[in-house]
Structures are given as C-alpha cells and as structure tokens.
Amino acid sequence: IDFLFANSATVGDGFERLARYFSLIDARGRLETRRGARCELVMRSLVAGELPGPAQEYTFAVVVNRLRSLCGPHLNPTGVELTCPPPADTAEHQRIFGAPVRFNRKEARLLFSNALWATPIEGARAELLEILEGVAQERLAQVGAPSGLADRVRQALLSAVADGRP
C-alpha cells in the first residue's frame with residue numbers, strides 16, 4: 001500500500017488508493033477521502049465501537065510522515081481529530097503532527113489544505129503503479145465476507161477488542 005501511495009501521480013491519487021486498499025492494512029477500519037473546503041482522510045470503524053485511539057494515531061502519523069518523505073519535511077496537516085480521549089500530555093502529538101490535535105471528536109479525521117491534493121509525488125513510476133495496483137486488486141478480491149467458522153470467530157474477536165471487551 002505504501003508503494004501504491006508513493007507511485008501515485010499526485011497526493012490526491014495516493015489518498016484515493018490508500019482509502020481503496022486500507023482494508024488490506026487493517027480489516028477493522030475503512031478510510032474515506034472527502035474534498036470540500038479542505039481535503040480530509042476520515043477513518044471509520046467496520047466493527048462494533050470505535051477503532052482504538054492508538055490505531056487512529058498510528059495510521060495518521062504514518063500518513064503524515066510518509067507525505068513528508070515524499071513531498072518535503074515542511075508538509076503539515078491543518079488539523080487532526082481523534083475519537084479517543086486526550087492523554088495527560090499531548091506534546092508528542094503536537095510534535096509529530098505539527099498541527100492542532102483535537103480529541104473526543106465524532107470522527108477520526110486528518111485535515112489538509114485542498115492545495116495538497118494536486119501536489120505531484122516526485123519519483124512516482126506509472127509502470128510500477130500499474131503492477132502494484134493489479135496485485136492490490138487481487139488481494140482485495142481475496143478478502144471477502146467471513147465464510148467459515150474461523151472467519152466468523154476472527155470477526156467476533158476483532159469486534160470485541162475494538163469495543164474494549166477482549
């Protein structure tokens with residue numbers, strides 16, 4: 001998924017691919033892109049309850065740090081919203097994101113300016129992207145609805161853990 005993102009022509013294309021294939025990274029959640037007054041990556045839970053705070057924090061931190069490595073260290077989101085309660089000290093959140101971080105929100109969202117959407121990703125290789133996209137589509141097709149007992153138990157456990165009841 002990282003290579004799909006890094007070989008997309010623009011940041012917006014990369015966000016769309018990240019959202020499309022996110023279930024290959026974490027089957028408990030889904031990423032959506034939104035564009036309006038700003039560009040947003042929204043993280044939603046596919047299991048009972050919200051995704052754990054560390055999953056939200058980690059996913060958004062990886063996206064921001066990868067964007068910086070691809071487009072420049074100056075790149076910061078305009079805001080970060082998490083559904084979890086704040087820790088005692090939020091200094092590390094501020095250091096990592098370089099933007100206001102708000103807690104106890106309805107949705108987990110990573111916010112950027114719309115100008116970022118069209119930012120080209122230097123070094124992207126279209127021929128590699130085509131190959132990677134084919135592999136990702138095959139993998140996504142293999143990830144289906146739970147079919148056997150083991151799959152149903154796995155889904156039940158994921159739901160219980162996400163709900164705080166392991």
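Strands (E, at least two residues) and helices (H or I, at least four) are DSSP runs, numbered from the N terminus. Everything shown here comes from a predicted model, in which local features need pLDDT of at least 70 and side-chain atom pairs count only at pLDDT 80 or more, while totals for chains, interfaces and linings use all residues. Residues are numbered from 1 along each chain as its sequence is written, and side-chain values use heavy atoms, leaving out hydrogens and water.

**View 1**

View 2. Now look at H2: how many of its 11 residues are buried? Eight are, so this helix is mostly covered, where buried means under 20% relative accessible area, exposed over 50%, and partly exposed in between (1.4 Å probe, protein chains only). Among the buried residues of H2 are Phe15, Arg17, Leu18 and Tyr21. Their cover includes H1, E1, E2, H3, E5 and helix H5 (126–142).

**View 3. Arginine 109 and glutamate 81, a salt bridge between strands.** A salt bridge is a side-chain nitrogen of Lys or Arg within 4 Å of a carboxyl oxygen of Asp or Glu. In this one, the closest N and O atoms of arginine 109 and glutamate 81 are 2.8 Å apart. The two residues are 28 apart and link distant parts of the chain, with arginine 109 in strand E5 (residues 108–112) and glutamate 81 in strand E3 (residues 79–81). Both arginine 109 and glutamate 81 are buried. The whole structure holds 14 salt bridges.

**View 4. Two further glutamate–arginine pairs.** Side chains of opposite charge can pair when their charged atoms come close. Glutamate 40 and arginine 38 form a salt bridge at 3.1 Å, N to O. Glutamate 40 is buried, at 8% relative accessible area, whereas arginine 38 is partly exposed at 33%. Glutamate 127 and arginine 125 also meet in a salt bridge, again 3.1 Å from N to O. Through shared partners, salt bridges join Arg30, Glu32, Arg34, Arg38, Glu40, Arg44, Glu81, Glu107 and Arg109 into one network.

**View 5. Asparagine 7 in its loop.** Where is asparagine 7 placed? This residue is in the loop between helix H1 (2–6) and H2, and it counts as buried at 7% relative accessibility. Its side chain reaches the backbone oxygen of phenylalanine 3 at 2.9 Å. A polar atom of the asparagine 7 side chain also lies 2.9 Å from the backbone nitrogen of arginine 125. Not counting residues up to four places away in sequence, asparagine 7 touches Gly123, Ala124, Arg125, Leu128, Leu129 and Leu132.

Definitions and conventions
Polar contact = N/O pair within 3.5 Å; in protein donor to acceptor, adjacent residues only side chain to side chain. Contact = heavy atoms within 4.5 Å.
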